[in-house]
Each structure stands twice: as structure tokens, then as C-alpha cells.
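Subject: Structure handover

Hello,

Here is the structure for your files. My notes on it follow below.

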Amino acid sequence: MALHLALSDLHFQPQQHIAFSINNASISLRFRRQLLYWFFYDVGSINASALGVHVHTALKLSKDRAGRLKISNITCNASIARMQAGFSGTLRKVYEFLGLFLTTGMRFVLNQQICPALNHAGLVLLNSLLDTVPVRNPVDEHVGIDYSLLSDPVVTWDTLDMDFRGMFFYQKAENQTLVNKGEQPEIKEMERMVYVAFSEYFFDSAMFSYFQAGVLTMEFQGDQVPKDLEVLLRATFFGSMLMMSPAVVDAPLRMVLQVVTPPRCTIRPMGTTISVSAVLNISLVPAEQPPVQLSSMSMEARLSAKVMLRQKALQVQLDLRRQELVGQAWAQGQPVTAPFLPAERTRKGVQIPLPEGMDFTKEVVTNHLGYITVGADLHFSKGLREVIENYRPAQPSKPSPTA
């Protein structure tokens, strides 16, 4: 009926445990009593209180085969100092006379139920909550992300450290693994409840995956080419066009911007930059005739990247900082304002692995040498009981009774 926690404590316990202790708690219970023996019938209730309840349980954390955080084992010790009981019904006086015997029995039965209940809560119910943490999910139709744990969690007296893979992959080559050459993050901040570190490897694997998918190519043709840029291009290549037939000269322009190597990310305390190498091909596309190439230029660009966290999504805002063009007769200083990376995907962001019903608050993003840390507090947007009930493992159906 009720549980009163006088003293409770949740703390880390090296090397892999979270310990939960309850001291001097009390439990209020109500039993329904019904006895039928030959012609003897008795019915009533028992209002009982378990006092001086002490429980210590330790949950061992590990990774499962899928690389997901799991509670793999529970150790539990429970004891009840004393029981009190009040009886009602036709034989109340008899039960009160046998009260010491009955309360001793109830104390023994209840004491045997506490640890099995906690084992079920941890190994079944809390693990069903951890099952909602994304481990290996698609980001879009081209790319997925792997958040699986590389090793069992490491617990100290004041921290719980988990080493996630944090790698994007091209879905048609999902078993491919990139060598991690990124700086190993070292988190020293302690102001927020949780910190997630992202090395250059995290961002490099994303850009490598999109490069593999072949989506880092932009094409502009005809009306898609801005008018002022079209005028500039036709003036730049006017001499070359004079050598062509009139039908070809008036043909629409086509610009194809293609990234030729996977972009690279550089993270420094003063900011984050993305380096891109691309080729810009400019040609005329006369109707029903092969394209006529006017120029092919190499492009080196650097983009400024601003990393943000919105609820559970890690977002990146890109801005062009500098570009260099090398090619035939080109007006220097004229920028090509085309997106180098799939900007709509970076704005949408990717989900950070958290259980269902849990969100980040008070987010803070900090740049370091070779990695970024995102610090935040945790907030339950849904009740823990509600989430567990939604994801509670289905109970096996019982066979229907036969006639």
C-alpha cells in the first residue's frame, strides 16, 4: 500500500556497479484473509507494517552482443527488523492471540520477496528501458550511424565512463570500419550531469560515408544557374565561344561541382573547420548534341562548422570561410556559392543515444584540441514507469482451459 524511504542512496561502485541502498524504510501492506475448511469459513483482512527495512543491491553494468548497455547481474541483501499487524474479521481475537507467530511468518515471506522483485525490476524492466537506446540506426537513405559500446563501462567512485564507437557508415558497405586516427577525448569538466565527446573521427566518418554514397555532387543547368553568374561565365569564356557555331553558343550552361576526396574535419579550441577538395566543370549543353566543355577547375574550400545540441539532436551549421579556384581564364575573387556538403542533413542532425523519455537540458558545447565536448543535464520528459510499461516484455500467453 505504501513505501516510506527514510534513508536511500544511489552511488557508483568500482569497477562496474551502481549500488542502491535503503536503510530504515517501512512498508505498509494489506492482506486479504479467506479460510474455508469443511464447514468452517473465515474471512477478513490484515493490515501490516514492515519496519526497519534494509536493502542493499548492486547492479553490474556491461555491454551485450549488440554493444548496448545492459544490467548483466544483480546482487541483493534484504532484511526486515520487525513486523506489526492488525486483524479484522470474525476471529480477530484468535489471530491477535497468534499475532507473534503470524507476523514472524509474514516477515519471513516478505523478506523472501524483496530481492526477487528487485532482480526482476533490474534484469527485466530496466533492461527493457535500455533496449530503447539507439545503437545502430539509419540516418537517412544513404548513411547509418553506429553508437555501439566498444567495451564494458568503467565505473569509478564519481564517474561512469562509456566508450562508444561513434562512427557513420555507408549503408551499402555497413561492415566497413574506418581506422580511428582522432584525438582521444579527455573530459575534465564536472559542471553537468553528463558529457559526450566527439572526436574528429566522428565527423570524418560522416563525410567519408556521404562521399562513398556519391551525394557530394551538385549540378546546376539552365535556369538553375543564377543570372549574374551566367553573365559572368559567358563574358569570361567569350573568346572560346567565338570559335563555336551559333547554335552551340546560345546553348544553356551547366555547372557540375563534385567533391573528389572525402572532406576532413579539424577541431581546435578556437573553432571547427571542414576542408573540401572539389572539381568544377563548366560546359554548354546544346539540345540533342554532346556537351561542350568550357573549363575544368580545381577548388579548395574551408567551411566553418558550428556544432549545436537541440534536445537529442547534434546539429552542424556550415558557413563558407575561404575558397580558391585554379583553372583557365577565371575572374579571381568570384565565389561559387554552392553547398559542398548535404546541408539539409547537417541541419537536421543526428540523434544522441539516450533512453526513451529522457532529454538533455542546459546544453553547453566546448571545443578542445581534436575533439568537442557536449555537456548537459538529464531530464525525464516521460515518467519512468510509463516508459517501462510501454516497453515491458510481452508475457507468454497461457493456454486456454479445455472443457
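Which residues in α3 are buried? They are Glu200, Tyr201, Phe202, Phe203, Asp204, Ser205, Ala206, Met207, Ser209, Tyr210 and Ala213. Buried here means under 20% relative accessible area, exposed means over 50%, and partly exposed is in between, with a 1.4 Å probe and protein chains only.

Some conventions before the rest. This is a predicted model, in which local features need pLDDT of at least 70 and side-chain atom pairs count only at pLDDT 80 or more, while totals for chains, interfaces and linings use all residues. Residues are numbered from 1 along each chain as its sequence is written, and side-chain values use heavy atoms, with hydrogens and water left out.

Overall chain

The protein chain has 8 helices and 20 strands; these are DSSP runs numbered from the N terminus, with helices being H or I of at least four residues and strands E of at least two. Its radius of gyration is 33 Å, well over the 22 Å that the globule rule gives for 403 residues, so the protein chain is more spread out than a compact globule. That radius is taken over C-alpha atoms, and the globule rule is 2.2 Å times the number of residues to the power 0.38. The C-alpha trace spans about 120 × 60 × 35 Å along its principal axes.

Of the 403 residues in the protein chain, 38% are buried. Taking contact as heavy atoms within 4.5 Å, 64% of the contacts between residues at least 6 apart in sequence join residues at least 24 apart. The accessible surface is about 23700 Å², and 56% of it belongs to carbon and sulfur atoms; the areas come from the Shrake-Rupley method with a 1.4 Å probe, and for residues only the protein chains shown count as cover.

Helix α3

Helix α3 covers residues 200–213, and its 14 residues should span 20 Å at 1.5 Å a residue, which agrees with the 20 Å between its end C-alpha atoms. The expected span is 1.5 Å times one less than the number of residues. Because 11 of its 14 residues are buried, α3 is largely enclosed by the rest of the structure.

Backbone points to check against your own copy

- Proline 14 and glutamine 15 are joined by a cis peptide bond, with omega about 10°. Glutamine 15 is in the loop between β2 (7–13) and β3 (17–37).
- Asparagine 24, in strand β3, is not a glycine but has a positive phi of about 55°. Its relative accessibility is 48%, so asparagine 24 counts as partly exposed.
- Glutamate 288 is not a glycine either, and its phi is positive at about 60°. It sits in the loop between β15 (271–284) and β16 (292–310) and counts as exposed at 85% relative accessibility.

Two buried residues

Proline 153 lies in the loop between β7 (143–146) and β8 (154–155) and is buried, with a relative accessible area of 3%. Its C-alpha is 6.0 Å from that of serine 62, although the two are 91 residues apart in sequence. Beyond neighbours within four places in sequence, the contacts of proline 153 include Gln15, Leu61, Leu69 and Met162.

Leucine 29 is in strand β3 and counts as buried at 18% relative accessibility. Its C-alpha is 37 Å from that of glutamine 15, 14 residues away along the chain. Not counting residues up to four places away in sequence, leucine 29 touches Met1, Ile46, Asn47, Ala48, Ala50 and Leu110.

Regards
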